[in-house]
Amino acid sequence: MPDGTNPAMPDTTHEPAVGLPTDSPAARRFRSRYGPWAVVTGATSGIGRAAATHLAGLGLNLVLVARRHGELESLAQTLRQPHPTGPGIEVKVVPADLSEPGGRGVHLLEEACTELDVGLLVAAACFGTAGTFVDATLDRELEMLALNGEAVLRSTHHFGRRFAERGKGGIVLFGSIVGFQGTPNTAHYAATKAYIQTLAEGLYLELALRGVDVISSAPGPVHSGFAERAGMIMGAATDPETVVRVTFRALGRRPTTYPGLLTRVLTGSLAPLPRRMRSLIMGRVLGGMVRAPAQGG
């Protein structure tokens, strides 16, 4: 695999867990390295929401980004309440569509963070499509490319510069196990995740020289709103909280992490196979998840 580790082996490194007292040494070290403010995109659902909740529990102030203003405000209000293990935190919301042409959504985020000492970017906003590529709607695919690719590029470049100047910080990007080979039935989505994986691997080495930690989290199926939006039926899957815990545990230790037992089993079993065989197998797995069109009656 890209980082030279065996994804089938359990990850036993220690990490700050949800519910850890905010005055514990581990939580203080995490805040010192990646605080006092963290940016979380895609914060109202799935992995983004789990990441925001996790970081609030560690005592980091948050900038939350998503399209739906009402849901952002509701989440922010919840996270501002005193945590069972520590005091409340500051939360700033940025209602923005990061897939807007010309990077308008990312510019709104940058402006909102001008006066804040941000030390961590969690770029969780993304979506996917499923089905054959030639039957897809081009506008939808372009929207996905803008969110999964261009928005990640813009935000990573902006905050990467800021973190390099301050001499510390962290960038968490989200790849996928489908990004390690071409994957029929979700070919373009897999291509966007291959871009994320390659970017993270390069930046892991490049920005380490400037004191900045970078990681790609490459989960398999995850229980979130992703499957519904992609038109897929999700069976066995990892919960977002597990993805977040494993990812923050690995941040600063390796360029790639594979959250969840199912993910490690899939990647471990596919790793020895030729790339074309991996593509065929992943295509069959994904093909079985694509939801059939509704039948009239």
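Residues are numbered from 1 along each chain as its sequence is written. In this predicted model, local features need pLDDT of at least 70 and side-chain atom pairs count only at pLDDT 80 or more, whereas totals for chains, interfaces and linings use all residues; side-chain values use heavy atoms, without hydrogens and water.

**Exercise 1.** Determine which strands pair with β4 and the hand of the crossover that leaves β4.

*Solution.* Strands are DSSP runs of E, at least two residues, and helices runs of H or I, at least four, numbered from the N terminus. Pairing requires at least two DSSP bridges. β1 pairs with β4 in parallel over five bridges, W37 being the bridge partner of V118. β4 also runs parallel to β5, with four bridges; there V122 stands opposite V172. From β4 the chain passes through α5 to β5 in a right-handed β-α-β crossover (clockwise from first strand over helix to second, with the strands pointing away from the viewer).

**Exercise 2.** Describe the largest nonpolar core.

*Solution.* Such a core joins buried Ala, Val, Leu, Ile, Met, Phe, Trp, Tyr and Cys residues through side-chain atoms within 4.5 Å. The largest has 37 residues, and V39, V63, V118, F159 and I171 have the most contacts inside it. Elements supplying at least two residues each include β1, β4, α5 and β5. Another core, of 35 residues, lies apart from it, with V40 and L62 among its members.

How values were computed
Buried < 20%, exposed > 50% of the residue type's maximum accessible area, 1.4 Å probe, protein only.
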